[in-house]
Amino acid sequence: MRTIEIFDTTLRDGEQSPGVNISMNEKVEIALQLEKLGVTRIEAGFAAASPGDQKSVAEIARRVKNSTIVTLARSTKDDMDKAYEALRHAQNACLHVFIATSPIHRQYKLRMTKEQVLERAVEAVKYAKKYFAEVQFSAEDAGRTEIPFLAEVVEAVIKAGATTINLPDTVGYMTPKEYGNLFREMMLRVPGIEKVRLSCHCHDDLGMAVANSLAAIEAGATQVEGTINGIGERAGNAALEEVALALETRKDYYQATTALNLKEIARTSQLVSRLTGMIVPGNKAVVGANAFAHESGIHQDGVLKEASTYEIIRPETVGFKSNKLVLGKHSGRHAFKEKLVELGYHLEQQEIDTAFTAFKVLCDKKKEISDDDILALVDAKIVPAAESYRLESVQLSYGNLSMPTASVRLVRADGTICEEAACGNGSVDSIYKAIDRATGEDVTLADYKIISVTQGQDALGEVFVRLQQGEITVTGRGVSTDVLEASAIAYVRAINKIVERRGESMPLAVN
Ligand code: KIV
Ligand code: ZN
């Protein structure tokens, strides 16, 4: 039985999903969860993309101890120098250097000949080796590259010191048979390839990313790359939880497994969904809300008699628990703290106090409090961005024949109060206009999503917003039993992030 190494790129390729923009603290939270999941390598970002990305990679490298931290770099010295800066404090580091090899990319994107691409790839790997023992080389668009040229490049970069070779299907064009053959061809043609890690990296444009990854593993790949929930550029990347469960469930066929702690899958998926705002579809394999739900009477009868009749994966295997009642209004601080530890949080005392206060407020509004409620509440209350504004109150006047009017009261970090009112096209619009006036911020609402955390009339509503101001894009989340309050909280949080991004410790006074 082979153990396939897992390379997670949720924070790099995943963050390239349209509309996804995660703050540094949120990235660290995801990285720590990936470490708990048992991922071998975490691609923490593209350090050269911006000073913010470089800072996030460096912070993840400082905090994560048990997974190797990777950052991406183009084949330029400048990118690699920035990558080195970001990774210098990592316990285990790997530089991921790439250049496109396919004729389309050579001709139209790089305007380079085959010889120039080969030379640049070798130079880059040699330069990277000065800094890093572990160097991964990716031949971007390998899937559409001429096999003999690809083999030539792979052989040359291995000689230059690459320790991992990645052959991405960058545009999700290949079929499983073709992608498997690509790996077989390289193994036949490239001397020395057996000494390096061989990695697959698939995109889902034709819905074949997971099937292609599994085909590569069958053909001999020793590492698989992908993202949690399959998020990523365009149609996304291979969903790692699906690859892992396919290997686990069909060990008999693949004769391969992973070292993942599968019970952390549900929690990781929920965290990534919550922080990116990319909602997991109900019918998504392994982690969708319906993945273990049985609707038809015949199926229900079968599962009650023997689960394996219609269930090939047990929900507990990936960490789903029934939404049992856990705590209520009589629960004390101690029980709450224990619950936080059970759910995987390691919070500072001040954060526990904040979460406990929010929990008590929730107990007054909601009779039954489940694990999911606590997860949503804690994730929303432990505010990563500096709080330039805090929402103190929001009031709304609504009638189906009149324009909704909202008034809000915000407290600025220096204790001053800003109060404003505004009319809008709808309730949420009027609240947002009032907040804009109170803060003096000029922002564009680029996305607004609302979901119910649990079921029932008193369920918590979770709102996710994406705001833009010039070049700055931020996200904000808010959770409450009242969706309008959740909407206001999410918006204020996003504005706090904008202020933080502009580098202001305090917002400019309005009025
Ligand atoms: O899809 C791709 O080719 C990539 C590379 C940069 C590895 O993400
Ligand atoms: Zn990719």
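1. Let's start with a pair of residues: valine 394 stands opposite valine 408 in strand E13. Strand E12 (389–397) is joined to E13 (residues 405–412) by eight bridges, and the two run antiparallel. Two strands pair if DSSP finds at least two bridges between them. The names come from DSSP too: helices (H or I, at least four residues) and strands (E, at least two) are DSSP runs, numbered from the N terminus.

2. Before going on, a word on what you're looking at. This is a predicted model, where local features need pLDDT of at least 70 and side-chain atom pairs count only at pLDDT 80 or more, while totals for chains, interfaces and linings use all residues. Residues are numbered from 1 along each chain as its sequence is written, chains are lettered from A and ligands numbered from 1 in the order in which they are written, and side-chain values use heavy atoms, leaving out hydrogens and water.

3. Back to that sheet. E12, E13 and E14 form an open sheet in that order, with antiparallel pairing. E12 and E14 (417–423) are the edge strands, each pairing on one side only. On average, neighbouring strands here are turned by 15° against each other, direction ignored. Axes are lines fitted to C-alpha atoms, for helices over the stretch in contact, and angles run from 0 to 180 degrees between N-to-C directions.

4. Two helices pack on this sheet. Helix H16 (residues 427–439) touches E12, E13 and E14, and its direction makes about 140° with that of E14. Helix H17 (residues 483–501) touches E12 and E13, at about 145° to the direction of E12. Contact means heavy atoms within 4.5 Å.

5. Now the other pairing in the sheet: E13 and E14 go together in the antiparallel sense over seven bridges. Threonine 405 stands opposite cysteine 423 in E14. The two strands form a hairpin with four residues between them, and glycine 415 in the turn has a positive phi of about 95°.

6. There's another open sheet of three strands, in the order E15-E16-E17, also described by antiparallel pairing. E15 (444–452) and E17 (472–480) stand at the edges with a single partner strand each, so one side of each is left without a neighbour in the sheet. The twist averages 15° from one strand to the next. Nine bridges join E16 (residues 461–469) to E17, running antiparallel, and glutamine 469 has isoleucine 472 in E17 as its bridge partner. A handy thing to remember when you look at either sheet: in a regular strand the side chains alternate between the two faces of the sheet.

7. Have a look at the metal. The zinc ion (ligand 2) is coordinated by Asp13 (OD), His201 (NE2) and His203 (NE2), at 2.0 to 2.1 Å. Along the chain these donors follow the spacing D-x187-H-x1-H. Aspartate 13 lies in the loop between strand E1 (2–8) and helix H1 (24–37), and histidine 201 in strand E7 (residues 197–202), so the pair ties together parts that are 188 residues apart in sequence. Donors are N, O and S atoms within 2.8 Å of the metal (3.2 Å for Na, K and Ca); water is not among the atoms, so sites may look incomplete.

8. On to helix packing. The axes of H5 (residues 114–131) and H6 (residues 147–160) come within 9 Å and cross at roughly 25°, which makes H5 roughly parallel to H6. Angles under 35 degrees count as roughly parallel, over 145 as roughly antiparallel, 65 to 115 as roughly perpendicular and the rest as oblique. The contact residues divide into 10 nonpolar, no polar and four charged. Ala, Val, Leu, Ile, Met, Phe, Trp, Tyr, Cys and Pro count as nonpolar, Asp, Glu, Lys and Arg as charged, and the others, Gly among them, as polar.

9. H6 also meets helix H7 (residues 176–189): their axes come within 10 Å and cross at roughly 55°, so H6 is oblique to H7. The H6 side of the contact includes Ile147 and Pro148, and the H7 side includes Leu182 and Met186. By class, the contact has seven nonpolar, no polar and two charged residues.

10. Finally, helix H3 (residues 77–87) packs against H5 at an angle of about 20°, with the axes 10 Å apart, which makes H3 roughly parallel to H5. Lys77, Met80, Asp81 and Tyr84 in H3 meet Ala124, Tyr127, Ala128 and Tyr131 in H5.
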